[in-house]
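Subject: Structure for you to look through

Hello,

I am handing over the structure we spoke about, and below it I have written down what was found. Please keep the 3D view open while you read.

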Amino acid sequence: MFIRRYLDAPANGPGVLCRVARETQGQKASEFHIVIRPRVVTALRLLSSSGRPVFLPWENGQARRMTPGKYTLDTCWSNGPSDKVLVMLDGRPLSWGDTFTIDFDDKKRLSLMQATTFQPLGIMDLNAASMASVTMPRSSF
C-alpha cells in the first residue's frame with residue numbers, strides 16, 4: 001500500500017507519525033509531519049452536591065470507593081476535548097453536566113469510549129462503603 005511510506009512510529013511514545021507531502025508534478029514539493037496519538041484519559045472531575053471538585057484518577061480495570069452522595073460529571077483530563085469522550089454509567093450514557101447518585105452499598109460501572117469511534121477507553125467500578133464496613137480504630141482502654 002502506497003500510504004505506508006508516509007507513516008512511521010513517533011520518536012516519543014505511542015501513536016503514528018504521518019508525513020503529509022505535496023508531490024504534484026510541476027509544483028514545488030512541500031511536506032510537514034503530524035503525530036496522531038491514542039486518547040489517554042488521566043482523570044475525571046466530578047462535582048459533589050455542594051459544588052466541591054472530586055477528582056477520580058482514571059485507572060482502567062480498577063475499583064474506587066466513593067463517599068455516598070450525588071455527583072455531577074464535570075470534565076475529563078485527557079489529551080483531547082471532553083466532548084469527544086462518551087461516559088456510560090451502568091450501560092447508560094451520561095452527558096457532561098449530568099448528575100448521578102452513589103447510595104450506600106452501591107456498585108456502579110463507569111465506562112469511557114471515544115465518542116467518534118466508540119472505541120473503549122476503559123472501565124472502572126465505583127463502590128460505596130456502608131457505615132457498617134467502615135473500620136474504626138481500636139481505642140486503648
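Which residues form a nonpolar patch on the surface, and how much accessible area do they have together? The patch is made up of I3, L7, V16, V20, F32, I34 and I36, and their accessible area together is about 550 Å². A patch takes residues with over 30% relative accessible area and no salt bridge, joining like charges within 9 Å and nonpolar side chains (Val, Leu, Ile, Met, Phe, Trp, Tyr) within 5 Å. A salt bridge, in turn, is a side-chain nitrogen of Lys or Arg within 4 Å of a carboxyl oxygen of Asp or Glu, and accessible areas come from the Shrake-Rupley method with a 1.4 Å probe, where for residues only the protein chains shown count as cover.

Before going further, please note that this is a predicted model, in which local features need pLDDT of at least 70 and side-chain atom pairs count only at pLDDT 80 or more, while totals for chains, interfaces and linings use all residues. Residues are numbered from 1 along each chain as its sequence is written, and side-chain values use heavy atoms, with hydrogens and water left out.

The strands around the patch

Three strands form an open sheet in the order β1-β2-β3, with antiparallel pairing; strands (E, at least two residues) are DSSP runs numbered from the N terminus, as are helices (H or I, at least four). The edge strands, each pairing on one side only, are β1 (7-8) and β3 (30-36). Two strands count as paired if DSSP finds at least two bridges between them, and β1 and β2 (residues 16-22) are joined in the antiparallel sense over two bridges, with L7 standing opposite C18 in β2. As for the patch, β2 and β3 each supply at least two of its residues, and β3 gives the most, with three.

Is I34 buried or partly exposed? I34 counts as partly exposed because its relative accessibility is 40%, given that buried means under 20%, exposed over 50%, and partly exposed in between (1.4 Å probe, protein chains only). Leaving out residues up to four places away in sequence, I34 touches V16, L17 and C18, where contact means heavy atoms within 4.5 Å. I34 and V16 are 18 residues apart along the chain, and their C-alpha atoms are separated by 8.3 Å.

A serine in a loop

S82 lies in the loop between β7 (69-78) and β8 (85-89), and S82 counts as buried because its relative accessible area is 16%. Its side chain makes a polar contact with the side chain of T75 at 2.9 Å; a polar contact is a pair of N or O atoms within 3.5 Å, and within protein one must be able to donate a hydrogen and the other to accept it, while residues adjacent in sequence count only if both atoms are side-chain atoms. A polar atom of the S82 side chain also lies 3.1 Å from the backbone nitrogen of C76.

Pairings of β12

Strand β6 (residues 63-66) pairs with strand β12 (residues 120-128) in the parallel sense over four bridges, and A128 in β12 is the bridge partner of M66. Strand β11 (residues 107-114) pairs with β12 in the antiparallel sense over seven bridges, and here S111 has I123 as its bridge partner.

Best wishes
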